[in-house]
Amino acid sequence: MATTHLNLVPPLVEKGHVDELVKSGETICVSNGPRGNSLAIFLTSSTNVPAPRKDRAEEEIPLYFASPHTAPENERRLFITDTIVIFSALQGLVKNRIDGNPRWTQNDETVSIVRKLAIDYVNFIKELWIHATRQTADDPPLQYPSDHYRSMYSCFALFVILFIPEPDYEDAPVGEELMEWLNIHFIEPSTEEGDQLSTLDRPWEDANFWSYLTRATIRGLSKASVFFLKTLFQHESDSLRDLTRILIPLVESQPRLSAYNSEKDFVHASRRWKEKVQALRVEMDRIPEDEREDDFDNWWDRLSDIVGILEGRGDVLQRVCDELGCDWKEVCAAWGVFIDTRLRRQDLPDVVAEVLELMPPDSTILEDMVHSALFSAQLDQALGHAAELDLWLSAHLADILATLSLIDTDKDEDVTNTFYPTQNISVPTPPYGVSLCHTCILVVTSEKEQGDEVLMRVPLRLHEQKTKVPSASGEVEGIVGTLKDLNQMCFDYGREAARRGMCRIAAQTFVNDQDYGLAVSYCMSAEDWPGLGRLVDRVLDEYLQNDRSLNLRRKYLRRCKFHRLCLNRNLREAASDLISLLQDVAPKSWWAVLLCDSVELLQDGSGSLFPPSGPIILLEKLEEITTGASQGAGDDYLTILARRGKGGTQKSALEQLKTVRLVLAKYVARYTCEHQVVTKRQRVDCNKQFCRYSASHLETRHNCVRSCAQDLNPDQTVVMNTVNRRCDACRYPAT
């Protein structure tokens with residue numbers, strides 16, 4: 001814990017004698033130590049006072065060394081001395097194994113030992129937190145409040161889960177572990193709230209009933225969920241009682257990875273379980289609108305939210321969590337339990353990035369900032385926030401990360417300097433004629449953290465100059481050239497984080513200028529895949545909504561291979577490309593648009609354009625869209641088509657799909673006769689002794705008529721080939 005007030009013993013100046021010091025021409029000077037964050041305090045001459053300074057050449061000048069951080073006391077001192085044992089064991093491990101084995105950190109035995117030591121750290125912090133919560137008036141005062149140690153406990157435990165998994169489990173799904181961590185450190189819903197609801201005869205009449213039930217379901221508290229679901233058996237609605245009887249077994253039987261021997265079995269069980277949840281959704285949709293409410297609430301909507309989460313719908317999860325007051329951690333943990341049950345540690349940052357856009361962390365709570373940085377795998381930021389929270393925490397996290405080679409450390413640099421606050425530096429104004437890149441080289445070679453901040457502001461400065469000065473020929477090329485030089489400079493000096501940040505900011509500035517080509521290039525250079533996804537969505541939105549000119553619309557059409565083939569009248573290739581888009585490329589939200597695009601090809605009179613399986617694929621996608629829309633998932637399929645249409649509603653989009661269905665039916669009737677022509681016959685031997693037609697027929701003397709099969713089995717038809725035209729029987733019918 002830092003302080004802004006330091007007492008020196010013995011004092012340099014006695015209390016009330018500051019004026020005498022000033023008159024003597026002296027003042028107190030403070031200098032930062034070259035290592036860590038220590039201070040050197042001493043007396044020196046004052047340039048502001050012209051009075052002569054007395055001769056002190058032979059007198060010793062006192063020099064004080066101090067620190068703005070308070071020395072450990074009471075429980076803190078005991079904690080540090082106890083954990084030194086773990087720290088020494090870790091350092092001994094490094095010293096004994098690093099010599100002669102540069103890849104020692106990849107050994108499973110080594111990782112197991114480091115994980116065990118890290119868990120020991122967690123247990124020590126936990127014991128200290130419990131001790132702090134049991135503090136009495138007779139005990140010595142705590143140097144830190146109990147909540148401080150609780151924050152350290154949650155941060156270190158999360159670090160172990162995400163970065164030191166058990167050997168052979170590095171690629172295992174992480175959702176259940178995150179949910180367990182969340183339930184341990186952030187208990188919701190509260191026990192008091194559940195006790196209060198359990199005392200009511202009709203708990204569904206309480207305003208907190210559905211929120212408690214939904215939150216318990218999200219947190220995986222199946223016993224609490226089932227208990228309150230059973231209270232709905234007393235509800236006056238027959239429909240709600242029937243649905244509850246179906247829902248309770250689903251909540252109780254949700255597959256957990258820990259209950260299966262292999263991930264394959266877990267995935268198979270999860271798929272079958274979700275099929276049952278979808279069947280429950282079908283039953284819910286059959287309930288009439290006038291039976292979905294009681295005198296207190298629309299129970300159908302509340303139950304639909306729970307079923308939507310069990311179905312694995314991310315939009316429902318985020319909306320419900322926002323309404324319940326959950327934070328981003330709960331959404332991310334629940335995402336790995338309900339939405340993507342196979343969520344890996346390496347895929348977690350992408351999910352976190354999407355969630356944090358809508359539910360950012362609380363920047364006023366250091367614990368939350370450490371959590372968000374760990375979830376996002378931004379280790380430098382995590383260590384920085386941890387240093388602000390507690391220096392011990394940051395130092396020991398960095399020690400383990402360096403041991404496992406998860407962060408880069410310079411042998412010539414004191415790693416502990418990273419965990420102490422540094423002073424701001426001022427970048428001198430470059431002399432006339434010195435390029436921006438040369439100035440930035442001076443920055444990156446001086447101070448890393450502040451230099452990175454300066455580098456990431458370069459795209460903004462360039463953009464400001466471009467907006468202030470009238471654009472001239474080659475202005476954009478000049479900006480791109482400057483950014484290219486800065487990219488190469490960052491690569492040469494090992495400033496990868498600054499380079500990516502600079503590219504992300506440059507991409508955003510190009511997006512604001514509607515220069516999407518450069519924006520895509522810099523997003524890819526920054527490896528900002530969530531940002532690239534948002535950029536693609538923006539381009540598509542502009543394509544759908546921009547009505548300024550027909551040329552802009554044609555511009556986007558020509559960029560699409562399918563539409564280019566249609567414009568060039570390569571219709572057969574366009575039909576194959578359309579089927580490929582539906583099968584492998586296009587998201588569900590674009591299926592309806594592609595089906596409408598297929599109408600032109602289906603109605604073309606030049607013959608059968610689609611491959612033999614094409615009409616079946618079109619029909620399957622059409623059926624999935626209409627079924628999903630009827631079950632309340634229309635937003636997943638019809639949003640883009642509705643925005644393109646005149647009505648702008650899902651109803652108008654479904655009307656367009658009716659046209660597709662009619663045209664598709666005519667196409668199938670015209671080009672798919674399904675007549676079969678025999679091209680080859682082949683006898684399949686059963687190899688049985690008691691079959692008169694078999695090559696293995698019994699050769700010894702026997703009554704063949706009575707003991708052996710005398711007839712062949714019915715012919716089995718096998719379709720070996722299909723042709724993309726009508727058969728001769730259809731083309732030349734008999735007269």
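This is a predicted model: local features need pLDDT of at least 70, side-chain atom pairs count only at pLDDT 80 or more; totals for chains, interfaces and linings use all residues.

Me: Why are helix 4 and helix 17 called roughly parallel?

Reply: Helix 4, residues 146-163, and helix 17, residues 391-403, pack at an angle of about 10 degrees, with their axes 11 Å apart. Angles under 35 degrees count as roughly parallel, and helix 4 and helix 17 are therefore roughly parallel to each other.

Me: Which residues meet where helix 4 packs with helix 17?

Reply: From helix 4 come Met152, Cys155, Phe156 and Phe159, and these meet Trp392, Leu393, His396, Leu397, Ile400 and Leu401 in helix 17. The residues of this contact divide into nine nonpolar, one polar and no charged.

Me: What makes the pair Asp120 and Lys116 a salt bridge?

Reply: The side chains of Asp120 and Lys116 meet with an N to O distance of 2.9 Å, and the cut-off for a salt bridge is within 4 Å, so the pair qualifies. Both residues lie in helix 3, residues 108-133, four residues apart, which is about one turn of the helix. Asp120 has 18% relative accessibility and therefore counts as buried, the limit being under 20%. By the salt-bridge rule, the count comes to 29 salt bridges.

Me: How do you know that Arg215 and Glu188 also form a salt bridge, and which parts of the chain does the pair link?

Reply: The N to O distance between the side chains of Arg215 and Glu188 is 3.9 Å, and since the rule asks for a distance within 4 Å, this pair is a salt bridge as well. The pair links distant parts of the chain, with Arg215 in helix 7 (residues 209-218) and Glu188 in the loop between helix 5 (175-185) and helix 6 (191-198), 27 residues apart. Arg215 is buried, because its relative accessible area is 11% and the limit is under 20%. Glu188, at 32% relative accessibility, counts as partly exposed, because that value falls between the limits of 20% and 50%. Glu188 is also joined to Pro189 by a cis peptide bond, with omega about -10 degrees, and Pro189 lies in the loop between helix 5 and helix 6.

Me: Why is Lys658 called exposed, while Glu655 is called partly exposed?

Reply: Lys658 has a relative accessible area of 52%, and exposed means over 50%, so Lys658 is exposed. Glu655 has a relative accessible area of 41%, which lies between 20% and 50%, so Glu655 is partly exposed. Lys658 forms a salt bridge with Glu655, the closest N and O atoms being 3.4 Å apart, and because the two residues are three apart in helix 31 (residues 650-671), they are separated by about one helical turn.

Me: Why does Ser225 count as buried, and which residues is it in contact with?

Reply: Ser225 lies in helix 8, residues 222-230, and its relative accessibility is 0%; buried means under 20%, so Ser225 counts as buried. Leaving aside neighbours within four places in sequence, Ser225 is in contact with Leu213, Ala216, Thr217 and Val251.

Me: Where does Gln716 lie, and why is it called exposed?

Reply: Gln716 lies in the loop between helix 32 (704-707) and helix 33 (728-731). Its relative accessible area is 68%, and exposed means over 50%, so Gln716 is exposed. The C-alpha atoms of Gln716 and Val684, which are 32 residues apart along the chain, are separated by 9.9 Å.

Me: What value does phi take at Asn74, and what makes this residue partly exposed?

Reply: Asn74 has a positive phi of about 50 degrees, although it is not a glycine. Asn74 lies in helix 2, residues 74-97, and because its relative accessible area is 40%, between the limits of 20% and 50%, Asn74 is partly exposed.

Note on methods: Residues are numbered from 1 along each chain as its sequence is written. Side-chain values use heavy atoms; hydrogens and water are left out. Axes are lines fitted to C-alpha atoms, for helices over the stretch in contact, and angles run from 0 to 180 degrees between N-to-C directions. Angles under 35 degrees count as roughly parallel, over 145 as roughly antiparallel, 65 to 115 as roughly perpendicular and the rest as oblique. Contact means heavy atoms within 4.5 Å. Ala, Val, Leu, Ile, Met, Phe, Trp, Tyr, Cys and Pro count as nonpolar, Asp, Glu, Lys and Arg as charged, and the others, Gly among them, as polar. Buried means under 20% relative accessible area, exposed over 50%, partly exposed in between (1.4 Å probe, protein chains only).
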